[in-house]
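Here's a quick briefing to read with the model open beside you. Take a look at the picture, then work through the points topic by topic.

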Amino acid sequence: MMQAAAKRWRDRKHPGSIVNIVVVTTHGLYGIAHSIAARSGVIGLSRAVAVEWAPLNIRVNCVAPGAIETQGWKVYTKQARAAYPRSNPMMRAGSPWDIAEASVYLAAPSGKFVTGETLTVDGGGQLWGETWTTGKPLISAARTGEMSRQSRITQ
């Protein structure tokens, strides 16, 4: 789709802006490696074509949502959904509207000097805590020594 839009804008000598929606890929997310790999590919492609298409006045950016409360949350357990608002320092989930506004910023004249970027909309989640979409694996707790630290705290 990006290529088709870019060709059309190029042929008409019309500026354009593409905004791809990805996920936060700066840290691993247990149980969804396939999603992280796919979205990382979209980010890489977006950055590459942002450079190629910049002379045509075509900008390409990404928006990476964090914990955004949507219908898609229903696939996760109630326990996982309850933890999402605590996955960022704002201590709340975002809304689809937050993603829409970020996308408009990038696509509109307000983003006219932005290309090849990924705008993370996660309430500061990259700076805070952990997000476990499928629950924290028990082996992870054992390897990191969390169990032994917990024992020392209670002694």
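Strand S1 (residues 16–21) and S2 run parallel, and six bridges join them. On to the next neighbour: S2 and strand S3 (residues 118–121) are also parallel, joined by four bridges. Keep in mind that this is a predicted model, where local features need pLDDT of at least 70, side-chain atom pairs count only at pLDDT 80 or more, and totals for chains, interfaces and linings use all residues. Residues are numbered from 1 along each chain as its sequence is written, and side-chain values use heavy atoms, with hydrogens and water left out.

**Strands and their surroundings**

- Two strands pair if DSSP finds at least two bridges between them.
- Val19 has Asn61 as its bridge partner in S2, while Val63 has Leu119 as its bridge partner in S3.
- How many of the eight residues of S2 are buried? Eight of the eight are, so S2 is largely enclosed by the rest of the structure.
- "Buried" here means under 20% relative accessible area, "exposed" means over 50%, and "partly exposed" is in between (1.4 Å probe, protein chains only).
- In a regular strand, side chains alternate between the two faces of the sheet.
- Both faces of S2 are covered: one side has Ile58, Val60, Cys62 and Ala64, the other has Arg59, Asn61, Val63 and Pro65, and all of these are buried.
- Ser103 sits in helix H4 and counts as buried, at 17% relative accessibility.
- Leaving aside residues up to four places away in sequence, Ser103 touches Val19, Ile21 and Val63; contact means heavy atoms within 4.5 Å.

**The whole chain**

- The chain has six helices and three strands, and reading along the sequence gives the pattern α-β-α-β-α-α-β-α-α.
- Helices (H or I, at least four residues) and strands (E, at least two) are DSSP runs, numbered from the N terminus.
- Of the 155 residues in the chain, 32% are buried.
- Take the contacts between residues at least 6 apart in sequence: 70% of them join residues at least 24 apart.
- The chain exposes about 10,200 Å², with carbon and sulfur atoms supplying 60% of it; accessible areas come from the Shrake-Rupley method with a 1.4 Å probe, and for residues only the protein chains shown count as cover.
- Ala54 is in the loop between helix H2 (33–53) and S2, and is partly exposed with a relative accessible area of 40%.
- Ala54 and Thr115 are 61 residues apart in sequence, yet their C-alpha atoms are 7.9 Å apart in space.

**Aromatic rings**

- A pair of aromatic rings is described by the distance of the centres and the angle of the planes.
- Rings of Phe, Tyr and Trp (its six-membered ring) pair if their centres lie within 6.5 Å; planes under 30 degrees apart count as stacked, over 60 as edge-to-face and the rest as tilted.
- By this rule there are two aromatic pairs.
- Trp73 and Tyr84 make an edge-to-face pair, because their ring centres are 4.9 Å apart and their planes are at 70 degrees.
- What does this pair tie together? Trp73 lies in the loop between strand S2 (58–65) and helix H3 (78–83), and Tyr84 in the loop between H3 and helix H4 (96–107), so the pair links parts that are eleven residues apart in sequence.
- Tyr76 and Tyr84 are edge-to-face too, at 6.0 Å centre to centre and 85 degrees between the planes.
- Tyr84 is buried with a relative accessible area of 5%, whereas Tyr76 is partly exposed at 25% relative accessibility.
- Trp73 is buried as well, and Trp73, Tyr76 and Tyr84 form one aromatic cluster.

**Charges and the surface**

- You'll find one salt bridge in the structure: a side-chain nitrogen of Lys or Arg within 4 Å of a carboxyl oxygen of Asp or Glu.
- Here the side chains of Arg10 and Asp11 meet, at 2.9 Å from N to O.
- Is Asp11 buried or exposed? Asp11 is exposed, with a relative accessible area of 55%, while Arg10 is partly exposed at 39% relative accessibility.
- Met91, Leu127 and Trp128 make a nonpolar surface patch of about 360 Å².
- Patches are made of residues with over 30% relative accessible area and no salt bridge: like charges are joined within 9 Å, nonpolar side chains (Val, Leu, Ile, Met, Phe, Trp, Tyr) within 5 Å.
- Met91 is in the loop between H3 and H4, and is partly exposed with a relative accessible area of 45%.
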